[in-house]
Each structure stands twice: as C-alpha cells, then as structure tokens.
Amino acid sequence: MLKITFLLCLLIFIISYIQSFFPPERSKKILGRFHGVGANSIAALLGTVTPFCSCSSIPLFIGFTSAGLPVGVTFSFLISSPMVDLGSLVLLMSIFGTKVAIVYVLFGLIIAIIGGTIIEKLRMERYVEDFIKTSGGIDIESPELTISDRLSYAKDQVVSTFKKVFPYILIGVGIGAVIHNWIPERVVKAIL
C-alpha cells in the first residue's frame, strides 16, 4: 500500500506540475485533433509506449479527462497502458518468441481501441466523477505562474486527489492481499 500510495502521489505531483504549463484548453486542442476510432487508436498507441502500470496511469487518465478529451479516448489509453507496454513485449518475446509477442500486442491494442470506442458509444462520461472532470483546471494563465505557484498547484492536486482515491487504494490492496495470502497458489495457476 505504501508503494502504491507513494507512486500515485509522486505521479500526480509530476503530472500536475507539467499540467501547469499546459492549461486544459491547450491540451484539449493538441490531443483533440483526432476523432472517432483514429483518436482511440492514437490513445491506445500512446498507452503502449508509456512505461506505467495501471496505478500510475490513473493520474494521466485524470489529466486527459480534465483536459476535456472524450472518455472513450482516455479509456483506450487507460486500457492499453498497463496491458501493452514495452516491458511486457520484451518479456513475451524472450519467453514465447516474436510471433506470440506481436499477436499479444495486436490483441491488446484492438481490445483498447474497441473498449474505448464502446465506452464512447455508450456515453459513459456521465459515470465519471465530477472531481476527475475538473481536477486539471487552472484559473491563472500559464505564463504568469511562478515556480512556487506551480509547486503549490501540484501539491494541492496531490492532496485533493489522494483524499478521494485513498479508499479505493485500500480496497484494491485488500483484495490483492486476500488473493495473495488466502487463495492457494495452485488455484491461481489452475485458473490462469
């Protein structure tokens, strides 16, 4: 739990600091050039090259959503980021060979694109919490911010997001602990 909390807070701080240079409207303009399946494909590919696990992809997801990007696009990123990364590609190639690794990556990208597209078509944005939609907003123009302002903004984002996400961290770690400590390894292997 400490590792996840530390990583989450650190990444929220870094992402928020970087976001202070890119107000949501600017990010939306840059990333919003793509639409439909093309946008989902770009987001899935972006998720593939980012070296993040699912817990560290959350701050990026929050940033994309608060920048006004469609929820389907952000979910394509969120699905592909932990599932298809360069580390897993190298690992799969060394264990199973190039063909299996390429098939895995292709299926991962297809799942991310289809998942994001379905989420977009079902208009699931209404289920995204309001604090996520508005977390990246900065009222002050970016060039006027000092380093101290940017650091303060990043710290405030960490505290605000952490308070809202911490119960879910506890639940996730609790579920992981139950699986790790109480379900025999042979059962997990048999299921996998």
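Leaving aside neighbours within four places in sequence, Asn40 is in contact (heavy atoms within 4.5 Å) with Gly72, Val73, Ser76, Ile113, Gly116 and Thr117. The model is a predicted one, in which local features need pLDDT of at least 70 and side-chain atom pairs count only at pLDDT 80 or more, while totals for chains, interfaces and linings use all residues. Residues are numbered from 1 along each chain as its sequence is written, and side-chain values use heavy atoms, with hydrogens and water left out.

Asn40 belongs to helix 3, which spans residues 36–49; helices (H or I, at least four residues) and strands (E, at least two) are DSSP runs, numbered from the N terminus. With a relative accessible area of 4%, Asn40 is buried, where buried means under 20% relative accessible area, exposed over 50%, and partly exposed in between, for a 1.4 Å probe and protein chains only.

Ser20 is found in the loop between helix 1 (2–19) and helix 2 (24–31), and with a relative accessible area of 0% Ser20 is buried. Ser20 and Ala154 are 134 residues apart in sequence, yet their C-alpha atoms are 8.0 Å apart in space.

One aromatic pair is found in a search of the whole structure. The ring centres of Phe162 and Phe166 are 5.0 Å apart and the ring planes stand at 45°, so the pair is tilted. Rings of Phe, Tyr and Trp (its six-membered ring) pair if their centres lie within 6.5 Å, and planes under 30 degrees apart count as stacked, over 60 as edge-to-face and the rest as tilted. Both residues lie in helix 9 (residues 147–182), where Phe162 and Phe166 are four residues apart, about one turn of the helix. Phe162 counts as partly exposed at 23% relative accessibility, and Phe166 counts as partly exposed at 25%.

For the protein as a whole, there are 10 helices and zero strands. Of its 192 residues, 35% count as buried. Among contacts between residues at least 6 apart in sequence, 82% join residues at least 24 apart.
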